[in-house]
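Reader: I am new to this one and would like to go through it slowly. Could you show it to me before we start?

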Amino acid sequence: MRFVRPDPLHWLWYAVGGTLPERNRMWVLWDLTARTWVLRHFARVMVLFLPIWLVLLVPGPLSLRLSMVAAGYATGLYFSLSFMEDAAERRLVKHGFPAGINRDIREESDRRDRAEVAGLYASLYADGDADPDPRER
């Protein structure tokens, strides 16, 4: 499967929930179905958590400010882990893929042929005219 990686600015936009240009569409599918998709999800989440560090600028005891940062991270990571599958599916739908394709690719393939299966799905849905839900066949 061939894809174009987004540049750092577009990746940052993608990390905060933005939609990438059409040229990066296949990369999004790969990003959300690759063997490392969970680690990639947490990398995007860590970018979202960067503003939490602004709490350190608030006046007060350092221990309280660091505790607030830790509480923010713990809460955010908990909810991020809880809704990880849904977040990945939402990203794919925003980029024009049918709902459930990420789960289908991950469940139908083992580690050796995951890229091949993702490429097959990508070729099926590259033109946007395919059946929106392959599970209804």
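Author: What follows is a walk through the side-chain contacts, the core and the surface.

Reader: Before that, what kind of model is this, and how are residues numbered?

Author: This is a predicted model, in which local features need pLDDT of at least 70 and side-chain atom pairs count only at pLDDT 80 or more, while totals for chains, interfaces and linings use all residues. Residues are numbered from 1 along each chain as its sequence is written, and side-chain values use heavy atoms, with hydrogens and water left out.

Reader: Thanks. Which residues touch the most other members of the largest nonpolar core?

Author: They are Val28, Leu29, Leu92 and Ile101, in a core of 19 residues. A nonpolar core here is a set of buried Ala, Val, Leu, Ile, Met, Phe, Trp, Tyr and Cys residues joined through side-chain atoms within 4.5 Å. Buried means under 20% relative accessible area, exposed means over 50%, and partly exposed lies in between, with a 1.4 Å probe and protein chains only.

Reader: And which helix supplies the largest share of this core?

Author: That is α2, with six residues, and at least two residues each come from α2, α5, α6 and α7 (114-125). Helices are DSSP runs of H or I with at least four residues, strands are runs of E with at least two, and both are numbered from the N terminus. As a general point, nonpolar side chains in soluble globular proteins tend to be buried together.

Reader: OK, changing topic: how many salt bridges does the structure hold?

Author: There are four, where a salt bridge is a side-chain nitrogen of Lys or Arg within 4 Å of a carboxyl oxygen of Asp or Glu. One of them joins Arg44 to Asp31, with the closest N and O atoms 2.7 Å apart. That pair links distant parts of the chain, since Arg44 is in helix α3 and Asp31 in helix α2 (residues 25-33), 13 residues apart.

Reader: Is that pair's Arg44 buried or exposed?

Author: Arg44 is buried, with a relative accessible area of 3%, and Asp31 also counts as buried, at 1% relative accessibility.

Reader: What about Arg103, which partners does it have?

Author: Arg103 forms a salt bridge with Glu85, where the closest N and O atoms are 3.1 Å apart. Because Arg103 lies in helix α6 (residues 101-108) and Glu85 in helix α5 (residues 84-94), this pair ties together parts that are 18 residues apart in sequence. Arg103 also forms a salt bridge with Glu89, with the closest N and O atoms 3.9 Å apart, and this pair is 14 residues apart, again linking α6 and α5.

Reader: Now the rings, please: how many aromatic pairs does the count come to?

Author: The count comes to six aromatic pairs. Rings of Phe, Tyr and Trp (its six-membered ring) pair if their centres lie within 6.5 Å, and planes under 30 degrees apart count as stacked, over 60 as edge-to-face and the rest as tilted. Among the pairs is Phe49 with Tyr73, which is edge-to-face at 5.1 Å centre to centre and 75° between the planes. Phe49 lies in helix α3 and Tyr73 in helix α4, so the pair ties together parts that are 24 residues apart in sequence.

Reader: Are Phe49 and Tyr73 buried or exposed, and which cluster holds them?

Author: Both Phe49 and Tyr73 are buried, and together with Trp53 they form one aromatic cluster.

Reader: What sits over the ring of Tyr14?

Author: The charged end of Arg91 does, 4.7 Å from the ring centre. The rule asks for NZ of Lys or CZ of Arg within 6 Å of the ring centre and within 35 degrees of the ring normal. Arg25 likewise lies over the face of Phe97, at 4.1 Å from the ring centre.

Reader: Last topic, then: where is Leu50?

Author: Leu50 is in the loop between α3 (37-49) and α4 (62-82), and it is exposed, with a relative accessible area of 52%.
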